[in-house]
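Opening the notebook on a new structure today. I want to jot down what I look up as I go.

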Amino acid sequence: MALGCSDPAGPETLDVPPFIFVSNEEGVPGLFGYDAGVITRLSAPGSDDRDPHSAAGRIVFTSRRDGNAEIYVADMALGSQQRRTTSSAVDDAPALSSAGTTIAFVSTRSGSPRIWLMDIDGGNLRALETGSASLVPEGKPAWSPTGDRIAFSSTRTNASQVFVVAAGGGPAVQLSREATGAFAPAWTADGRGILYVVLAGGPRLVRVPDSGGDASSFAIDDAGVSEPSCRESVCLAVTGALGAAGDIIAISATGRTRVPLVAREWDDRQPAILVP
């Protein structure tokens with residue numbers, strides 16, 4: 001879906017790929033698909049599905065359908081759903097590597113929320129070594145486009161900041177230094193930058209080079225903007241303050257152009273571009 005918007009620095013065309021998102025349209029969070037303006041319900045009613053991510057023709061997501069947060073894997077239409085974790089702990093925020101072989105997710109199975117890894121079939125479960133004590137909370141893992149690094153948030157320096165670590169584990173490198181904290185990292189499609197959310201003054205998106213350096217503003221909105229997901233020349237994001245009804249927009253890779261996509265009475269959030 002190509003959408004154009006005039007801009008003082010020149011027009012940009014946004015090619016919006018199909019994506020999946022979370023909505024409370026039916027009262028309980030569920031997954032919906034978007035393709036060329038058409039919205040389709042994918043989750044069964046009452047499933048309580050959220051946290052979608054896509055790579056290599058699959059979707060990983062969190063479901064609370066059995067009363068506890070567990071990780072599931074499905075095809076692009078949310079068919080052939082298979083549960084991958086079975087634990088009394090909270091397992092959520094899954095992200096699938098670009099090759100579709102490994103799932104990174106957040107789990108409380110060792111106490112504090114930490115980044116864990118498992119193979120796509122649920123085997124080879126292991127904690128990701130990130131260089132901090134296991135009692136330090138971590139969140140929202142995001143694979144680099146090449147699959148060799150994982151960005152995540154950590155409170156090891158008190159306020160939540162964004163770090164990057166090798167996919168095999170090791171010392172993590174701190175990328176953000178926000179006084180009020182940085183959250184929910186997402187890689188730019190070219191792998192040379194990471195977007196993250198700053199909450200101070202209302203949610204906004206900031207970009208930092210993947211190798212570290214000065215951060216710069218990427219997207220600001222009076223209603224707040226957060227929850228980025230990027231691929232090729234477009235990013236998706238959510239406008240609306242936390243706790244309010246969210247709307248989904250497309251933003252160009254430069255951050256200069258934005259186009260509304262899903263603006264409904266319900267709370268629509270967590271967009272994830274479908275990757276075949």
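I started at Ser-97, which sits in the loop between strand S10 (91–96) and strand S11 (102–107). Strands here are DSSP E runs of at least two residues, numbered from the N terminus. This is a predicted model, where local features need pLDDT of at least 70, side-chain atom pairs count only at pLDDT 80 or more, and totals for chains, interfaces and linings use all residues. Residues are numbered from 1 along each chain as its sequence is written, and side-chain values use heavy atoms, with hydrogens and water left out.

Is Ser-97 buried or exposed? Ser-97 counts as buried because its relative accessibility is 5%; the cut-offs are under 20% for buried and over 50% for exposed, with partly exposed in between (1.4 Å probe, protein chains only). Leaving out residues up to four places away in sequence, I found Ser-97 touching Ala-55, Thr-102 and Trp-143 (contact means heavy atoms within 4.5 Å).

Next I looked at an open sheet of 4 strands, ordered S6-S7-S8-S9 with antiparallel pairing. Two strands pair if DSSP finds at least two bridges between them. S6 (49–55) and S9 (82–83) are the edge strands, each with a single partner, so one side of each has no neighbour in the sheet. S6 is joined to S7 (58–63) by 5 bridges, and Asp-49 stands opposite Ser-63 in S7.
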